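I opened the model today to look up a few features of its two chains and to keep a record of them. The entries below follow the order in which I looked.

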Amino acid sequence: MEELDVEPPLTLIPGVDSKSKQMCFAWAPGEMLVYETLFPKECAEKRPGCPNIFIVRKDKDVYSQTLRKLFSESHGIFVGLQRSEEELGGKSRKAQLVRVSKNYRSVIRACMEEMHQLAISTRDPELQCQHSTQVCILSAMELIWNLCEILFVEVAPAGHLLLHLLDWVRLHVCDVDSMVCEVLSSENPSKHKDFWNAVDIFVLQGRMDDARHLLSKEASANPTSMGMCKILDDLMKKMPILSIGNTQTLTEMELKWQHWHEECQRYLQDGTFSSNLHMESICKILLGDENAILEKKELMTTWYHFLVTRLVYSHPTVKPVELRFYAQSSLDLFLGGESSSEPLDSILMAAFEFEIHQVIKECSIALSNWWFVAHLTDLLDHCKLLQSHNLYFGSNMREFLLLEYASGLFSHHSLWQLGVDYFDHCPEYGKVYLELHIERIPLNTEQKALKVLRICEQRQMHEQVRSICKIMAMKAVRNNRLGSALSWSIRAKDAAFATLISDRFLKDYCERGSFSDLDLIDNLGPSMLLSDRLTFLGKYREFHRLYGEKRFSEAAKLLLMLMTAHIAPCSFWMTLLTDALPLLEQKEVIFSAEQTYELMRCLEDLTAGKTDNQKLQVDDVETTKVEILRLALARNLARAIVKEGTLEGS
Amino acid sequence: MVSVINTVDTSHEDMIHDAQMDYYGTRLATCSSDRSVKIFDVRNGGQILIADLRGHEGPVWQVAWAHPMYGNILASCSYDRKVIVWKEENGTWEKTYEYTGHDSSVNSVCWAPHDYGLILACGSSDGAISLLSYTGDGQWEIKKISNAHTIGCNAVSWAPAVVPGSLIDQPSGQKPNYIKRFASGGCDNLIKIWKEEDAQWKEEQKLEAHSDWVRDVAWAPSIGLPTSTIASCSQDGRVFIWTCDDASGNSWSPKLLHKFIDVVWHVSWSITANILAVSGGDNKVTLWKESDGLWVCISDVNKGQGAVSAITEGQQNEQ
């Protein structure tokens, strides 16, 4: 398996005694706990060690304030890309993907700018250092991304390729403008110490017009060299360049270029510029003389600038596949064996060699969080550039990186919401990762719980829905918010819990004589059927409402039904019968004879059900209640019979 | 980049034996040879001592948080042969249950998946494993597996809850038929898998590969694949990854993760089971990832004096 021989990185934890103690750990959601301990677990004499628990995190970047913007804005681009039209064929699809790439890059640049502002405005040297480092890293990311865009997304063909690379170099490498400004704003530009440096760098970057402009300053200030300046100016003017939109073919371009090259050669050999070293060196550069170009190493600052300059003046119609040869030799020539290459160099080299996987691998190692590789890989995958065979960790590369990135987001108290969308677009493991992570979101507030719940409901994650509702219901019960607990258990479709809470409600009623959360109970609707106890609660409340509205016969019917249909638990019958008393005592006869017989039977069932032991323990209040009931029932029965007999009679 | 983001000073007066974050990463429970169990609120990088629980009469070996749906509940086990279940009631932490059914040190406690109810497995040096199930109203039902491991049981770990058959459309209110399983590791060099059948716990499998006491077992969380995975580590310095491909749980095959130079004490899976952390006598915590069938060390967390220095992440081929 192609692997890098890189040692796993070592992290030292301060304060832990390495000589006599060991280290243990525990996983936490998003973090890891590490602490000093001693194995085997013994009850040796007291050996106190370091009493600290260290909380260690892998992706601390997730918590960076400025990077936050990077994460949230790129999230929008990512989601847009996933949803974009794939049917658009060929050119328009490519244009779309290039647009996406540019969007990502502008987000990086915006973040860089912000970070830069922070760096220069802060007084704290440590913070300044941190921010500056971050700016460097972001800058490197943009550099790499831009190159990848040119080579892999834009897939610039020969001719255009060099133009894009030139733009790339001009944008990213060395700050020419400040030096030029200084030179131009001085009294005698051509006498400025950096004058020729400025001309050189313009030439090195193929900015002919700018170079000619500066050269004219020399011409006007120094009449003796006017002749040479004119010739050089002419050569620069005549240099054939391929511009985007230009319709000439590559062959035509190559021909023109060959002629021009020969003309430059003639002037050089004739010794036209021999009296002015600067101009002679420029002419050599125009001829693509490697040594001449290398002399300007300090100005170019990087080997990839050197590469592009070389190509401009020796092989402007370079094909993408030819880049790799020039890239390697450029690196070698530039470094000249003095310094070794850095991670950035390897990444860029891999890109020039069109080794996409290598680029991603190297970036994964060099960068501290998964943001860059996850998004870049996803984009490249959309460009259909990644082979589908299984790579490093079982699932395909794109998905692996997205999973890692999104998992990191979940350790943040609000960025986790972005993570959800990333998981959504991971077809193999996205769902299960989401399930495992979303359970760990602390449900501090009801709003947060509802938010998490909505996400789960939208994705048919029934287990998680149940779990969350149960947790919230339990919390509510512990805080004595029965109404909230009830609605959560209804949402969880948890019958057992609903029964439990209904019992609590009923118990409360018995103790206080009134219901709490009437609104909720009144509007239960079909969810009342979730549990028998809940149904009873709902119906019982209905009874109270009917009574309150003086719809006595309806109330009476309901009350009776609650017992005869066994909706009411036996333990509650006494209360119900006691509730019947006021109805029995009304002036008007409410319970019919038949209903009264039913009530009597219920009462007898209730008292007969008690064992002898229980009968003996029944206190006076109970006995009195029973007697009062019997009396009331008997009286009602009498009145009912009379009433019914009378009606039928007439 | 791995970096220390917070340091919690527990003020324990003696060796710390376990530290566990709760489900949400908001609270930290620690236990120590000083016989106490402490709970800290560690939100937003802070540390506030919420409780200092006393009740054990010997070093406390492990703590375990129950699932939040049951409230704030913590179990602890100790050399004093006791298992104590602590609960937060009205803002204060109190002992809610004490189990004294073991004849020697209780080494490990582990809560079952919340789907099964509130069930705690305890492994003891007396060789037995107890299962405590909460039945309501402060009552706990006890089931004991005597002689689970000769000489002693060092670790217990539950299998993730998986419902046999279809997970869709379980009629509400009806409890699905879970097949409950857990793994235990003992001084008989074995890892055993236990299954509940007809309300009894039976030994389903014996996994043999270690040549010395098994110190820890960890059953990996499920990521939806039909395979089951268990990690085990032992006095013999080896860490094995056991996998079983079929649902019937019959054929487990071990793969050696690594042979360490010293005893390996603790193994544990990350939430999504993609990283295994290993702690051993070589004074390091190493993190491992599976890569195309091979296990690869991805990070080394070492201890030592001096500044924290972390190099960026890398991969190394298994030798």
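I took helices (H or I, at least four residues) and strands (E, at least two) as DSSP runs, numbered from the N terminus. The model is a predicted one, in which local features need pLDDT of at least 70 and side-chain atom pairs count only at pLDDT 80 or more, while totals for chains, interfaces and linings use all residues; side-chain values use heavy atoms, with hydrogens and water left out. Residues are numbered from 1 along each chain as its sequence is written, and chains are lettered from A and ligands numbered from 1 in the order in which they are written.

**Chain B**

I found zero helices and 25 strands in chain B.

Of the 319 residues of chain B, 61% count as buried, where buried means under 20% relative accessible area, exposed over 50% and partly exposed in between (1.4 Å probe, protein chains only). Taking contact as heavy atoms within 4.5 Å, I noted that residues 24 or more positions apart account for 42% of the contacts in chain B with a separation of 6 or more.

**Helix α6 of chain A**

I then asked how many of the 10 residues of helix α6 of chain A are buried. Nine of them are, so helix α6 (residues 195–204) is largely enclosed by the rest of the structure. Among the buried residues of α6(A) I listed A:Phe195, A:Trp196, A:Asp200 and A:Leu204. Just after α6(A), A:Gly206 takes a positive phi of about 70°.

**Positive phi in two loops of chain A**

A:Thr301, which is not a glycine, has a positive phi of about 65°; A:Thr301 sits in the loop between α12 (297–300) and α13 (303–314) of chain A and is partly exposed, with a relative accessible area of 42%. A:Phe354, also not a glycine, has a positive phi of about 60°; A:Phe354 sits in the loop between α15 (343–352) and α16 (356–366) of chain A and counts as partly exposed at 32% relative accessibility.

**Two helix residues of chain A**

A:Arg541 lies in helix α26 (residues 532–548) of chain A and is buried, with a relative accessible area of 13%. Leaving aside neighbours within four places in sequence, I found A:Arg541 in contact with A:Phe515, A:Leu518, A:Ile521 and A:Asp522. A:Ala110, in helix α2 (residues 90–121) of chain A, counts as partly exposed at 39% relative accessibility. I also noted that the C-alpha atoms of A:Ala110 and A:Arg512, 402 residues apart along the chain, are separated by 63 Å.
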